Amino acid sequence: MSDQNLQLLPDYEQRIQVLKDLGFVDAGSRVELKGKVACEVRKFLASNRASASCTHYVFKIHSADELVLTELVLENVLAAYEPEEIVALLSAFVFQEKTDVTPTLTASLERGIAKIIEISEKVNSIQTLHQVILSADDSNDFVSKPRFGMVEVVYEWARGMSFNRITDLTDVMEGTIVRVITRLDETCREVKNAARIIGDPTLFQKMGTCQELIKRYVLFRFLYRLLDRQSRPSTFLVSAMGNEETACQYLGVLDCAYQDHADLPNSDICNCASLYL
């Protein structure tokens, strides 16, 4: 064993103990059901075989996120929420930027956030006990760092709120919103696969609905390319439409076209916009 590997050995053993305490691996360091779900959530292992070694998995744990999300799935927490609420809560796993806007949340979303924090604190306490982290301040937790700043935005987006109104809910840049929603689609797909592994058809179906609710991100990215940082028509769009007034009009009718034809492919929606001009 190389000197570098010997230096990593104590850290490896500490992380193994965290996984044992949480039930992700058994006493023989074999991956349990929880470990399989976590592997699916973060795609850590190439295979989810029960006999798989957890060595590679352990050293891929850079934060507690995958552990917290796995606990959410296996404790059946998400089952109590509607799809638009689920995808809003999952935004905490993909958004970590600073925002000065306090989101306006429903009582149900508040309860969901409280549960995520509760699970996060449990995971942090076990990691602190085994010195994987020295304190909660060293962890990627859900209390001391901004994690819930996009919950309202994603919730309203999933409920069908228009592009212009969504940008008014936050001070986060439009590009960041696009990235969050894009990554959320991937997260929903991973949770859906986790639901398949544990045999939860209800959660599987709900996660599919979550993906459908936010799939407008494709059109959203198209709209983003037509806007500048101040949500005004971009130079490209103004040039294409002839003047800024016409460009503003086009953005407005494109949004109306989407609201009236949300079931159509995005290219067809853009074609429908011409009917409103």
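**Exercise 1. Overall make-up**

What share of the contacts in the protein with a separation of 6 or more comes from residues 24 or more positions apart? Then describe the secondary structure and the burial.

*Solution.* Start with the ground rules. This is a predicted model, where local features need pLDDT of at least 70, side-chain atom pairs count only at pLDDT 80 or more, and totals for chains, interfaces and linings use all residues. Residues are numbered from 1 along each chain as its sequence is written, and side-chain values use heavy atoms, with hydrogens and water left out.

Step 1. Contact means heavy atoms within 4.5 Å. Residues 24 or more positions apart supply 64% of the contacts with a separation of 6 or more.

Step 2. Elements are DSSP runs numbered from the N terminus: helices are H or I with at least four residues, strands are E with at least two. The protein has 14 helices and zero strands.

Step 3. A residue is buried under 20% relative accessible area, exposed over 50%, and partly exposed in between (1.4 Å probe, protein chains only). Of the 277 residues, 49% count as buried.

**Exercise 2. Helix α5 and its surroundings**

Which residues of α5 are buried, and which helices do they pack against?

*Solution.* Step 1. Helix α5 covers residues 83-90, and seven of its eight residues are buried, so α5 is largely enclosed by the rest of the structure. The buried residues are Pro83, Glu85, Ile86, Val87, Ala88, Leu89 and Leu90.

Step 1. They pack against α4, α6, α7 (151-158), α9 (174-198) and α10 (201-214).

Step 2. Take α7. Axes are lines fitted to C-alpha atoms, for helices over the stretch in contact, and angles run from 0 to 180 degrees between N-to-C directions. The axes of α5 and α7 come within 8 Å and cross at roughly 150°. That makes α5 roughly antiparallel to α7. The classes are: under 35 degrees roughly parallel, over 145 roughly antiparallel, 65 to 115 roughly perpendicular, the rest oblique.

Step 3. Glu84, Glu85, Val87 and Ala88 of α5 meet Val151, Val154, Tyr155 and Ala158 of α7. This contact has six nonpolar, no polar and two charged residues. Nonpolar covers Ala, Val, Leu, Ile, Met, Phe, Trp, Tyr, Cys and Pro; charged covers Asp, Glu, Lys and Arg; the others, Gly among them, are polar.

**Exercise 3. α4 against α6**

How do the axes of α4 and α6 cross, and which residues make the contact?

*Solution.* Step 1. Helix α4 spans residues 65-74 and helix α6 residues 107-129; their axes come within 9 Å and cross at roughly 125°. The two helices are therefore oblique to each other.

Step 1. Leu67, Val68, Glu71 and Leu72 of α4 touch Ile116, Ile119, Ser120, Lys122 and Val123 of α6. The residues divide into six nonpolar, one polar and two charged.

**Exercise 4. Loop residues**

Where is Leu105, and what are the phi values of Ser29 and Asn76?

*Solution.* Step 1. Leu105 sits in the loop between α5 and α6. Leu105 and Val151 are 46 residues apart in sequence, yet 7.8 Å apart in space, C-alpha to C-alpha. Leaving aside neighbours within four places in sequence, Leu105 contacts Glu110, Ile113, Val151 and Glu152.

Step 1. Most residues other than glycine have a negative phi. Ser29, not a glycine, has a positive phi near 65°. Ser29 lies in the loop between α1 (3-22) and α2 (33-42) and is partly exposed, at 22% relative accessible area.

Step 2. Asn76 is not a glycine either, and its phi is positive, about 60°. Asn76 lies in the loop between α4 and α5 and is partly exposed, with a relative accessible area of 42%.
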